[in-house]
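Here are my notes on this model, as numbered points. Please keep the structure open while you read.

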Amino acid sequence: MIIELGHFALILALAAAVLQGSLPMIGAARGDAAWMGLARPAAVVQLFLVVFAFCALTHAYVTSDFSVANVVQNSHSAKPMLYKITGVWGNHEGSMMLWILILALFGSAVAVFGGNLPPSLRARVLGVQAWIGIGFMAFTLFTSNPFLRVFPAPLDGEDLNPLLQDPGLAFHPPMLYAGYVGFSMAFSFAIAALIEGKVDAAWARWVRPWTLLAWAFLTGGIALGSWWAYYELGWGGWWFWDPVENVSFMPWLLGTALLHSAIVVEKRNALKTWTILLAILTFSLSLIGTFIVRSGVITSVHAFATDPERGFFILILLAIAIGGSLILFAVRAPALKAGGLFAPISREGGMVINNLFLSAACAAVFLGTLYPLFLEAVDGSKVSVGAPFFNATFVPLMVPLVFLMAIGPMLPWKRADLAGALARLKLAALAALFIAGLTWYLQAGGPILAVAAMGLAAWLFAGALVEWSDRVKLFRVAPGESWRRARNLPRSAHGMTLAHAGLAVVMAGIIGSSAWKSEVVTNLKPGETVEVAGYSLLFEGVGKLNGPNYTAERARFTVFRDGEEIALMFPEKRVYPVTAMPTTEAAIRTTLFSDLYVVIGEADGQGGWTVRVYHEPLVPWIWLGCLSMVIGGLTSLSDRRLRIGAPHRQHAAKPTSHPATA
Amino acid sequence: MTRRLLFLLPIAVFAVVAGYFLWGLAPDRDPKDVPTVMVDKPTPTFDLAAVPGLGVPGLATGDLADGKVVMVNFFASWCVPCRAEHPYLTAFVEKTGVPLYGINHRDKPEDAAAWLTELGNPYQRIGADPGRAAVEWGVTGVPETFIIDGDGRIRYHHRGPLVPEVLERDVMPLLQALRG
């Protein structure tokens, strides 16, 4: 009964979205306040209905209702409760429900918090949001309905893919989707602005918090995903340039560009059409990602159950959403008034360079991801584009970007003195040389490019700190005065420092774990020892273990360093009998400066086991740095300017006096 | 006017990409049915060194025309579909006993060794290919697989991972026919 009510609630939510997407748009065109006003209650009602539908599905999972087909396919009565809940979105249909839920949350957030938006802009933003919602709810109801029953109900379910039964996966998809879907806000604002024919500083100030929020979620989601891959897949790697990873990375790259170009619109009223285009493209890439993952046009190891029919439906959605918005862009954008002028060497110029590199990097990832499809269409050959392509194209684009990233924040708006900015970065250059030298010394040489790259990361890190300490006049005035200055600094300034320094930390982690990773693969019998990077691991044997819905073989290692016992490690190999799938559970010991990572493989039948041991220097920094970026984003989000919506009242009031130009 | 055209660029690019997507979804698209110029030709002349640390010998033209039907598989540790293919390939070799020779394409020896130690090594011989052999064999990516008859002639060429359907539908019947 509850499941039918959930189904019905989703249909009603679709009806609410149709209402929200039509009457307020007409009202905005006619200047009819009552019709425009419908958008807000409609968005809230839609949210309530979607929440109800989502809860109904979750209820079926929690109570293991095996008369629901979706529960049968993805759950099992013996599965731990946490995974019964996360199983709701661990499959195609349920993840669409999560997508719709987050979309409705964002939509109603505009309805509730958008009190200071001009009514016509708000009505149009909510209208565009509703169109997106209509597309995805129709897709779910017609091709991927999670509320279908099976008769007769089987005694038990087929269980969730064991790789997905992991705490990391409880939070990875919701955060990733909050990122993807969050960019729909920037998209809706861009479309609304194109319809209104007006982009101004106030518009940018409304777009920026949503973009920041989406960006912070997406950063966190990608970081969690790579962390999960690192500890769960047991390959010791954390990024594989797999299509499914790439499609989440592309919106991140363009979203990062958007984050920066929106600042230029806000402060200098320039780069307006470009920012609009970025907003459209960023969300378009989120949609294309959904298409690629769920349609099966590109081979990937961890795709959803793919289905060409569903793919066709999403392709139609793409054509309407992306095609329609880009046509609107082609028609309306040339009429947008160009804004402030600036010299090539200026803060604006720096942002343009940033956008160019990020867009080029995104294009490189896009090409690499879709090249197999393009080539197959042209001459029928099938290829796999792997890490060598991305390392050869993506990395060279990142190097100049990171180098310039330390300089950009030093440049003032309009016109800047490059020599002056570089002079302020003397300390950063010293730090770069010092870290490069230190790395050279500690690693006794090592790949010269990696040593230089460590210097570059130090340059960025120190550059970010120098910029911050210049602003608070650290060590140049009394500490109390610096503290006062730091407190008065806009939170977005702290946010930027945290995010830029975080990226430097991520970079150091990437370099360390790629250049100085040591790896030993060997066959060990109990009592034998393996040595890696100064650690000795004594293999003590393998025991059996029974989990709630799996059986495991658990190995025991004693770790010694300089003859002293420092840790015990227990890597596992699990078998989930329902799906007959094995998983490896790596044992990881971290010191925050490096990870020791142990995995057991197959038994050789003569008492020996395949054992893989990795030592990965600096690898935890990848996720620590991401955390700093997310905190930076959220700090910036809490800036008064963005919380209030507008720093100057007269700015906020002005747009409302403009009639809608259509 | 040129400015206007510039604004049409995004939609034009999207239209092209969407066209490819549509093609990719075509229900009669069969990625396994790929014409290849290599079939019925003798294998190219090549001589590849062994991958250090694997303990299996390298691969050269002379190993392929010794009267036995063999399979040659291009693979790399960085290639995700290769990982997907690996268990099927291993099981197939165990079942049929056909000698499987590998050509390790553009890979680091230590990565290849780790990959095979982790997943098991079904290959009797493995040649390390910095890239040249792939060109001569008409290989555009990994994984790709060839069946060579006893006279050293290519009889079958498959691009992409050898999933069970392909093995059952194409490879198994051909193998039985060639072995007589």
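This is a predicted model: local features need pLDDT of at least 70, side-chain atom pairs count only at pLDDT 80 or more; totals for chains, interfaces and linings use all residues.

1. Next, the make-up of chain B. It has 5 helices and 7 strands. From the N terminus on, the order is α-β-β-β-α-β-α-β-α-β-β-α. The C-alpha trace of chain B spans about 70 × 35 × 30 Å along its principal axes. Of the 180 residues in chain B, 39% are buried.

2. Look at strand β3 of chain B, residues 70-75. Is β3(B) mostly covered or mostly open? Mostly covered: 6 of its 6 residues are buried. In a regular strand, side chains alternate between the two faces of the sheet. Here B:V70, B:V72 and B:F74 point one way from β3(B). B:M71, B:N73 and B:F75 point the other way, and these too are buried.

3. Which strands pair with β3(B)? One is β6(B), residues 144-148, which runs antiparallel to β3(B) and is joined to it by 5 bridges. Within this pairing, B:M71 has B:I147 as its bridge partner. Another is β4(B), residues 100-105, which pairs with β3(B) in the parallel sense, also over 5 bridges.

4. Chain A has an open sheet of 4 strands, in the order β1-β10-β9-β8, with antiparallel pairing. β1(A) and β8(A) stand at the edges with a single partner strand each, so one side of each has no neighbour in the sheet. From one strand to the next, the twist averages 15°. Between β1(A) and β10(A) there are 7 bridges. One bridge pair to find is A:S518 with A:H615 in β10(A).

5. A helix of chain B reaches this sheet. Helix α3(B), residues 109-119, lies across β1, β9 and β10 of chain A. α3(B) runs at about 35° to β1(A).

6. How many residues does each chain give to the contact between A and B? Chain A gives 39 and chain B gives 34. On the chain A side, the elements that give two or more residues are α11, α12, α13, α14, β1 and β10. α12(A) has the largest share, with 12 residues. By type, the chain A side divides into 24 nonpolar, 10 polar and 5 charged residues.

7. Finally, one helix pair across the contact. Two packed helices are described by the angle between their axes and the distance between the axes. For α13(A) and α1(B), the angle is about 75° and the axes are 10 Å apart. Angles of 65 to 115 degrees count as roughly perpendicular, so α13(A) is roughly perpendicular to α1(B). A:L373, A:F374 and A:A377 in α13(A) meet B:Y20, B:W23 and B:G24 in α1(B). The residues of this contact divide into 5 nonpolar, 1 polar and no charged.

Notes:
Residues are numbered from 1 along each chain as its sequence is written. Chains are lettered from A and ligands numbered from 1 in the order in which they are written. Two residues are in contact if their C-beta atoms, placed from the backbone, lie within 7 Å. Ala, Val, Leu, Ile, Met, Phe, Trp, Tyr, Cys and Pro count as nonpolar, Asp, Glu, Lys and Arg as charged, and the others, Gly among them, as polar. Axes are lines fitted to C-alpha atoms, for helices over the stretch in contact, and angles run from 0 to 180 degrees between N-to-C directions. Angles under 35 degrees count as roughly parallel, over 145 as roughly antiparallel, 65 to 115 as roughly perpendicular and the rest as oblique. Two strands pair if DSSP finds at least two bridges between them. A residue is buried if 20 or more other C-beta atoms lie within 10 Å of its own, exposed if 12 or fewer, and partly exposed in between; C-beta atoms are placed from the backbone.
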